[in-house]
Amino acid sequence: MSRRWPEHTTVLVVEDDLTTARIIQARLEMEGLKVFVALHGVEGLEILNREAIDLITTDLMMPSMNGFRLVQEIRDLPPPKGRIPILLISSNQNEQDMVRCLAAGADDYMIKPISVQVLMERLWRLFERSRRAG
């Protein structure tokens, strides 16, 4: 499916596995998106504080600050940063953790191994929903 992302659309990828982060980054950049990579939640918040970000993907299990805590920290920020769509990605299939992350403010949850096509579709859907909400 062909999508036309607006110029200068940015994505923050928070992932402690550098190989996975680079795979996601490469695919997003092929779509014309500008990508920032952080290896844990603390670094992700630092990037979020200095850059204009449109979408966030984050792993759940990471050192320093896990994805659950990162989602909470982002949702505590004032708009517009506090409203950035967040896709949580994890190998954890525990239903309670999924519910906990969604209740904390993640907009969607995806289980590893990820399908790049599904990832792109979910990010597009989150982006479009966010744009329509204003």
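This is a predicted model: local features need pLDDT of at least 70, side-chain atom pairs count only at pLDDT 80 or more; totals for chains, interfaces and linings use all residues.
1. In an unreviewed entry, UniProt lists Asp59 under "modified residue: 4-aspartylphosphate".

2. Is Asp59 buried or exposed? Its relative accessibility is 5%, and buried means under 20%, so Asp59 counts as buried. Setting aside neighbours within four places in sequence, Asp59 is in contact with Val14, Glu15, Asp16, Gly67, Ile89, Ser90 and Lys112.

3. Now look at the rest of the strand. Five of the five residues of β3 are buried, and the strand is mostly covered. In a regular strand, side chains alternate between the two faces of the sheet. Here, Leu55, Thr57 and Asp59 point one way, while Ile56 and Thr58 point the other way.

4. Which strands pair with β3? On one hand there is β1 (residues 10-14), which runs parallel to β3 and is joined to it by four bridges; Val11 stands opposite Leu55 of β3. On the other hand there is β4, also paired with β3 in the parallel sense over four bridges. Thr58 has Leu88 in β4 as its bridge partner.

5. Stepping back, you can trace an open sheet of five strands in the order β2-β1-β3-β4-β5, with parallel pairing. The edge strands, β2 (34-38) and β5 (108-111), each pair on one side only. From one strand to the next, the twist averages 20 degrees.

6. Follow the sheet towards β5 next. Strand β4 (residues 86-90) pairs with β5 in the parallel sense over four bridges, and Leu87 stands opposite Asp108 in β5. Helix α4 (residues 95-104) packs on the sheet and touches both β4 and β5. The direction of α4 makes about 150 degrees with that of β5.

7. The UniProt record also has an annotation, "domain: Response regulatory" (unreviewed entry), covering residues 10-127. Over residues 10-127 the chain is 46% helix and 20% strand. The end C-alpha atoms of this stretch are 11 Å apart.

8. Finally, have a look at the largest pocket, which holds about 460 Å³ of space. Of the 19 residues lining the largest pocket, Pro80, Arg83, Ile84, Pro85 and Ser130 are the closest to its centre. Which helix gives the most to the lining? That is α5 (residues 116-133), with six residues.

Technical notes
Residues are numbered from 1 along each chain as its sequence is written. Side-chain values use heavy atoms; hydrogens and water are left out. UniProt positions are given in the numbering used here, feature names are shortened, and annotations may be inferred rather than shown by experiment. Buried means under 20% relative accessible area, exposed over 50%, partly exposed in between (1.4 Å probe, protein chains only). Contact means heavy atoms within 4.5 Å. Helices (H or I, at least four residues) and strands (E, at least two) are DSSP runs, numbered from the N terminus. Two strands pair if DSSP finds at least two bridges between them. Axes are lines fitted to C-alpha atoms, for helices over the stretch in contact, and angles run from 0 to 180 degrees between N-to-C directions. On a 1 Å grid over the protein atoms alone, a cavity is a set of points where a 1.4 Å probe fits but cannot get out, and a pocket is an open set with protein on both sides within 12 Å along at least five of seven lines; lining residues have an atom within 4 Å of a point. Grid points are joined across faces, edges and corners, and a volume is the space filled by probe spheres set on the points.
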